[in-house]
Amino acid sequence: MGGRILAVTTRILNFYIDGFRNMSSWGRSVWIIILIKLFILFAVIRIFLMPDILKKNFKTDQERSMHVLENLTQNQQL
Amino acid sequence: MIQSIDWSLVDWSRAQFALTAMYHWLFVPLTLGITWMIAMMETIYVKTGDPEWKKITQFWMKLFGINFAIGVATGIIMEFEFGTNWSNYSWFVGDIFGAPLAIEGIMAFFMESTFIAIMFFGWNKVSKKFHLAATWLTALGANLSALWILVANAWMQNPTGTTFNPETARNEMTNFWDVLFSPVAINKFLHTITSGMVLAAIFVIGISAWFLLKKREVRLALRSITVAAVFGLLASVHVALTGDGSAKQIAKVQPLKLAAMEGLYQGTDEAGLVAIGILNSKEKREAGDVFAFKIEMPKLLSWMAYGDPKSFVAGINDYKNGNPEQGILSTPEKIQRGKVARDALAQYKNARAAGDVARTDSIKTLFQDAAFKESYFRYFGYGFMDDVNYYLPNVPLTFYSFHIMVILGFGFMVFFALILFFTARGEMQDRKFWLRLAPWIIPMAYIASQSGWIVAELGRQPWTIQDLLPTVAAVSKIDAGAVMVTFALFAVTFTVLAIAEVSIMLKAIKNGPKNHGGTK
């Protein structure tokens, strides 16, 4: 059973490795663009420019909900 | 009411989201539509065994691959923006967005990445039928991915199947099926994917026409045109039908958007549909002189909105000032009701801060009360601003976008019918005017597609969630300068990527079907 799973996994891996190895020039170009784009998105934009404000500034969901409640009711006359 | 609003923050956050969404939408419709045509072409190849169909399939698959690769992950930036620029909104929507987007993410990963890999790497490595199945599943997976995004969007247009919990300050799903099968979601999904099919059919016809003009790849071009013209004609009829369904839903759940789409200021029985029109200035429109010029089809708007040519269609002024005869509340009345709901939430917050359990329990019960929800909480978003005009959408943008979309949409239908007619008569190669025109229809299809989203999103302003959360309350309190910087960064990045896509795409088209597929 274990040997069969290993064989299938190896076949799948080889399928991808062969595919990438024999990729045409346009395929390589778009993969370069994809990798550059993913790097900009996750290593630059996400980390340095666009953090999740609530996750960054508050530790618990309760704190986050209180913060949003505060914003939603700000300046409301009681 | 919200005081000291940083309007530049709201405007730049909106502009940034619009930029990202419109850029993302440059890639999505072609992916949604062309995958079906590729699957059809490959099916013909598998049925007939004709290698020309394999070549045709692989050529369009290459262009799909380029479009998919450049567009992939552009949508993730919108999720970043939710967390950074729209944190109040992203918290307030709760799991309504989380569940569909999680399903979408899993489906996109497993279905698209697995089957796309087989599509590109699997020629000669898997059986013909297995490869064909992978191609159909790629088409299905791509369109089902869109389903979940559109379900989430439809909920923002018409929040249903949820209830607001003041304890968590979030909307919580009470009925998943109500969210998934809301008529707004179903119409939106069908209208969106069929519009993608129309765009893709125009793309295929336009490029094939270019080949015919250049007297290159004639067989590929003629066969591709046949498939695309049939597919495009059927899809464009479906777009019109689902557009009608969408209009009926808008009349029901976002009637002010419908009024803006038609430039209807004063409600009337037997309302006519403006086929073509030029709007007057804002001052003139508000004084009752709405159009400088218009061609109107009598009673058609009443029929389109309610299926009855005699029915009353409310105008912008009916929603602004109210119309008791038609049971329409005025905006000032909605503002008062919204304030009552906000007041209850403020009391809840204070009771919670004071540790008054009895009081918090009683207010929490109030938020579950059907009468309170129907009479007050459904207008919660109106409680943020006193200015009545704040709750009105941009009429010219909505009106012109809607009419551009509709006029082009019907134009495409005629275009497909003519192309099919010429093809059936074997005259396509001789119709030089249409061959020259066809590539220029491609940008028209993108304009129609973007216009549709402008109607959908600008027509519902100021709401991020209809009637519950306006943009001023949804936005994060961050520095407007930071949003401006990221806006500029995105604009530059998107422009570079768009130029890269167009360059690679044009090169691939010029090369034609040689160097096909994803592998050598």
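Predicted model: local features only at pLDDT ≥ 70, side-chain atom pairs only at ≥ 80, totals over all residues.
## Chain A

Chain A is built from 4 helices and 0 strands. In sequence order, its pattern reads α-α-α-α.

Along the principal axes, the C-alpha atoms of chain A occupy a box of roughly 70 × 40 × 15 Å. Of its 78 residues, 19% count as buried.

## The interface between the chains

The two chains meet through 37 residues of chain A, which are in contact with 45 residues of chain B. On the chain A side, at least two residues each are supplied by α1 (2-21), α2 (25-49), α3 (53-57) and α4 (61-73). The largest share comes from α2(A), which provides 13 residues. By class, this side of chain A comprises 20 nonpolar, 11 polar and 6 charged residues.

## Domains and a helix of chain B

The domain assignment divides chain B into domain 1 (29-157 + 484-520), domain 2 (183-333 + 395-478) and domain 3 (334-389). The centres of domain 1 and domain 3 of chain B, taken over C-alpha atoms, are separated by 43 Å.

Helix α14 of chain B covers residues 331-354. From the first C-alpha to the last, its 24 residues reach 34 Å, close to the 34 Å expected at 1.5 Å a residue. After α14(B) comes G355(B), which has a positive phi near 75°.

## The largest nonpolar core

The largest nonpolar core contains 155 residues, and those with the most contacts inside it are M37(B), W60(B), A201(B) and I205(B). The helix that gives the most to this core is α8 (residues 183-213) of chain B, with 17 residues.

The surroundings of W60(B) illustrate these contacts. Leaving aside residues up to four places away in sequence, W60(B) touches I34(B), M37(B), I38(B), M41(B) and V204(B). One of these partners, M37(B), is itself among the core residues with the most contacts.

Most residues other than glycine have a negative phi, and most peptide bonds are trans.

A cis peptide bond, with omega of about 10°, joins Q461(B) and P462(B). P462(B) is located in the loop between α18 (432-458) and β7 (463-465) of chain B. This proline counts as buried because 20 other C-beta atoms lie within 10 Å, and 20 or more is the threshold for that class. Apart from residues up to four places away in sequence, P462(B) touches Y390(B), Y391(B), P470(B) and T471(B).

K299(B) has a phi of about 65° and lies in the loop between β5 (291-297) and α12 (300-306) of chain B. D467(B) has a phi of about 70° and is found in the loop between β7 and β8 (469-470) of chain B.

Methods. Residues numbered from 1 in each chain as written. Chains lettered and ligands numbered in written order. Contact = placed C-beta atoms within 7 Å. Nonpolar A, V, L, I, M, F, W, Y, C, P; charged D, E, K, R; others polar. Expected span 1.5 Å × (residues − 1). Domains from an automatic or database assignment. Buried ≥ 20, exposed ≤ 12 C-beta atoms within 10 Å, placed from the backbone. Core = buried A, V, L, I, M, F, W, Y, C linked by C-beta atoms within 7 Å.
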